[in-house]
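Subject: The model to look at

Hi,

Here is the model I promised to pass along. Have a look at it first, and then read on for what turned up.

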Amino acid sequence: MDRFSTWEDLKGVKIAFLPVGSLEQHGPHLPLGTDGIIAEVLAGRLADIFAPAYLLPLLPFSSSFEHAGFPGSVSLKVTTIASVISDVVESLAFSGIGKLVIVSCHMGNHLLRNVVQELNYPCPRVLLLPSRHHWEGAYRAAGLSSSPSRDMHAGEGETSIIMHLFPEAVRSRELKDVDRPERELLETLGMRAYTETGTIGFPSRASADKGAMLLSALAEETAKTVKEFVEIG
């Protein structure tokens, strides 16, 4: 079920998928909405796997304050995001949809973990993914050269996925690698303190083939977790 569904299409549906992105710089070579693009595609694949399911529209903004040193970043406050997610969960429950999977492809959304913990008391009804575990497994399965931590932003992984999905959106002349494994004060000082381009990772190693494998592996990894979630009474 997607944006073209009617209310009748949702009869009997018990699970919904909410893609959450961000609007923030992704180096000089990727779109500001990269995280949302990936989240929307991944959520769509999971909704197909667990059909019938309700695929909600993308929430394009989240918490991107660490990127504020670059033009174009837009952030919602923690309290705003928590309220929006809570309202979505309550609305779905009123429609008889008791489980929500939040697909957030902006790893800076640490706050969502706490929001989900709170919403799952006293019973489990919200799942947040992909986790770092999912990303690490997908990186290995796709044969990427580094790790999600070393390749954290606009690097080989994200660039490969966008090359696969929308090759025309990648500015290939700007694929400059930035290796900054030590960045203890990133959330205090922001990205600008560690990278002039906005990239931390290895976009020069990206390819569309890697992107296709990475996205498929990520869907496979996360589907295992969703299956466990669905089986919970």
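A search of the whole structure finds two aromatic pairs, where rings of Phe, Tyr and Trp (its six-membered ring) pair if their centres lie within 6.5 Å. One of them is W135 with Y139, an edge-to-face pair at 6.5 Å centre to centre and 75 degrees between the planes. On the labels: planes under 30 degrees apart count as stacked, over 60 as edge-to-face and the rest as tilted. W135 and Y139 are four residues apart in helix α4, so about one helical turn separates them. W135 counts as buried because its relative accessibility is 8%, and Y139 counts as buried because its value is 4%. Buried here means under 20% relative accessible area, exposed over 50%, and partly exposed in between (1.4 Å probe, protein chains only).

Some housekeeping before the rest. This is a predicted model, so local features need pLDDT of at least 70 and side-chain atom pairs count only at pLDDT 80 or more, while totals for chains, interfaces and linings use all residues. Residues are numbered from 1 along each chain as its sequence is written, and side-chain values use heavy atoms, with hydrogens and water left out. Helices (H or I, at least four residues) and strands (E, at least two) are DSSP runs, numbered from the N terminus.

Now the sheet. Four strands form an open sheet in the order β2-β1-β3-β4, with parallel pairing; two strands pair if DSSP finds at least two bridges between them. β2 and β4 stand at the edges with a single partner strand each, so one side of each has no neighbour in the sheet.

β1 (residues 15-20) is worth a click. Six of its six residues are buried, so the strand is largely enclosed by the rest of the structure. Both faces are covered, with I15, F17 and P19 on one side and A16, L18 and V20 on the other. Six bridges join β1 to β3 (residues 99-104), and the two run parallel; I15 stands opposite K99 there. With β2 (residues 54-55), β1 pairs in the parallel sense over two bridges. Across that pairing, A16 stands opposite Y54 and F17 opposite L55. β1, helix α1 (residues 34-49) and β2 also make a right-handed β-α-β unit (with the strands pointing away from the viewer, the path from the first strand over the helix to the second runs clockwise).

Then the pockets. A pocket is an open set of points on a 1 Å grid over the protein atoms alone, where a 1.4 Å probe fits, with protein on both sides within 12 Å along at least five of seven lines; lining residues have an atom within 4 Å of a point. The largest pocket has a volume of about 710 Å³, volume being the space filled by probe spheres set on the points. Its lining has 29 residues, and M107, G108, H110, R132 and M152 lie nearest the centre. α4 gives the most to that lining, with three residues.

The second largest pocket holds about 220 Å³ of space. It is lined by 13 residues, with R113, L128, L129, P130 and S131 nearest its centre. Here α3 gives the most, with three residues.

Cheers
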